Amino acid sequence: MKKFWICSYGGCGSWMIWRALEKYGKVVHCHYRKPLMEFPEDSDDENMENIIIYIYRDPAKAILSRFRNPHHLRNIEAPDENTTLQQVLEQNKDLYGIEEFYRNYTTKDENRKHKIVCVKFEDVFKNQERLSELLDVGPLNLENTEQKREKDKLYPFIYNVYRELINEMKNNEGIFIV
């Protein structure tokens, strides 16, 4: 049996992936800032295969999607859960720690004993067959119901804060393994 650990900094489509995978095994949705080094013991099956899936996207779009919820910063273990978008924009800095979150999953760590399947939200729909093959599951049948966040008047200002990270993400493969 498989157990999928789906992690993101929020607003990245992790619930969509969760719903698609629940028919293929157990699914845990989490916002751990750092990947698990060891998996908790699972009393259901000691031979369970644990698979970590990290889904990420343009941080400006993620922020516009989820970060207006005051409880969200606690969920993602933000450096300061009282940080406001206004502060991020005024200081022109990643006060949410999104880049650190992203690097924790997408950078190789010799101490990590497991692989992480990194999935770029912007490419998941055209790469869903490849993702199914990598996870050894059937069809995911993902549908893009995304709202166009670029039309939000704050998008260009948030984009400016995360410009370098967004450009790096754009150059990534749609799916890669770390």
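Me: In which loop is the place of E77?

Reply: This is a predicted model, and E77 is a residue other than glycine whose phi is positive, near 55°. Its relative accessible area is 42%, and since buried means under 20% and exposed means over 50%, E77 is partly exposed. As for its place in the chain, E77 sits in the loop between α3 (72–75) and α4 (85–91).

Me: Is D136 buried or exposed?

Reply: D136 is found in the loop between α7 (128–135) and α8 (155–161), and it has a positive phi of about 55° although it is not a glycine. Most residues other than glycine have a negative phi. The relative accessible area of D136 is 59%, and because the cut-off for exposed is over 50%, D136 counts as exposed.

Me: What is the pattern of helices and strands along the sequence of the protein chain?

Reply: The protein chain contains nine helices and five strands. Read along the sequence, these elements follow the pattern β-α-β-β-α-α-α-α-β-α-α-α-α-β.

Me: What is the radius of gyration of the protein chain, and what value would a compact globule have?

Reply: Along its principal axes the C-alpha trace of the protein chain spans about 50 × 30 × 30 Å, and 50% of its 178 residues count as buried. Among contacts between residues at least 6 apart in sequence, 76% join residues at least 24 apart. A compact globule with 178 residues would have a radius of gyration near 16 Å, and the protein chain agrees with this, having 16 Å.

Me: How are α5 and α9 oriented to each other, roughly parallel or roughly antiparallel?

Reply: Helix α5 (residues 98–106) and helix α9 (residues 163–171) pack with their axes 11 Å apart and at an angle of about 30°. Angles under 35 degrees count as roughly parallel and angles over 145 as roughly antiparallel. The two helices, α5 and α9, are therefore roughly parallel to each other.

Me: What covers the buried residues of α5?

Reply: The residues of α5 that count as buried are I98, F101, Y102, N104, Y105 and T106. Their cover includes β1 (2–7), β3 (49–56), α2 (59–66), β4 (116–120), α9 and β5 (175–177).

Me: With which residues is Y155 in contact, leaving aside its neighbours within four places in sequence?

Reply: Y155 is placed in helix α8 and, at 10% relative accessibility, counts as buried. Leaving aside neighbours within four places in sequence, the contacts of Y155 are D58, A60, K61, L64, R149 and E150.

Me: With which residues is Q128 in contact, again leaving aside its neighbours within four places in sequence?

Reply: Q128 lies in helix α7 and is buried, with a relative accessible area of 16%. Q128 and L165 are 37 residues apart in sequence, and their C-alpha atoms are 24 Å apart in space. Once neighbours within four places in sequence are left aside, Q128 is in contact with L140, N141 and L142.

Terms used:
Residues numbered from 1 in each chain as written. Predicted model: local features only at pLDDT ≥ 70, side-chain atom pairs only at ≥ 80, totals over all residues. Heavy atoms only, no water. Axes fitted to C-alpha atoms, helices over the stretch in contact; angles between N-to-C directions. Helix = DSSP H or I, 4+ residues; strand = E, 2+ residues; numbered from the N terminus. Parallel < 35°, antiparallel > 145°, perpendicular 65-115°, else oblique. Rg over C-alpha atoms; globule rule 2.2 N^0.38 Å. Buried < 20%, exposed > 50% of the residue type's maximum accessible area, 1.4 Å probe, protein only. Contact = heavy atoms within 4.5 Å.
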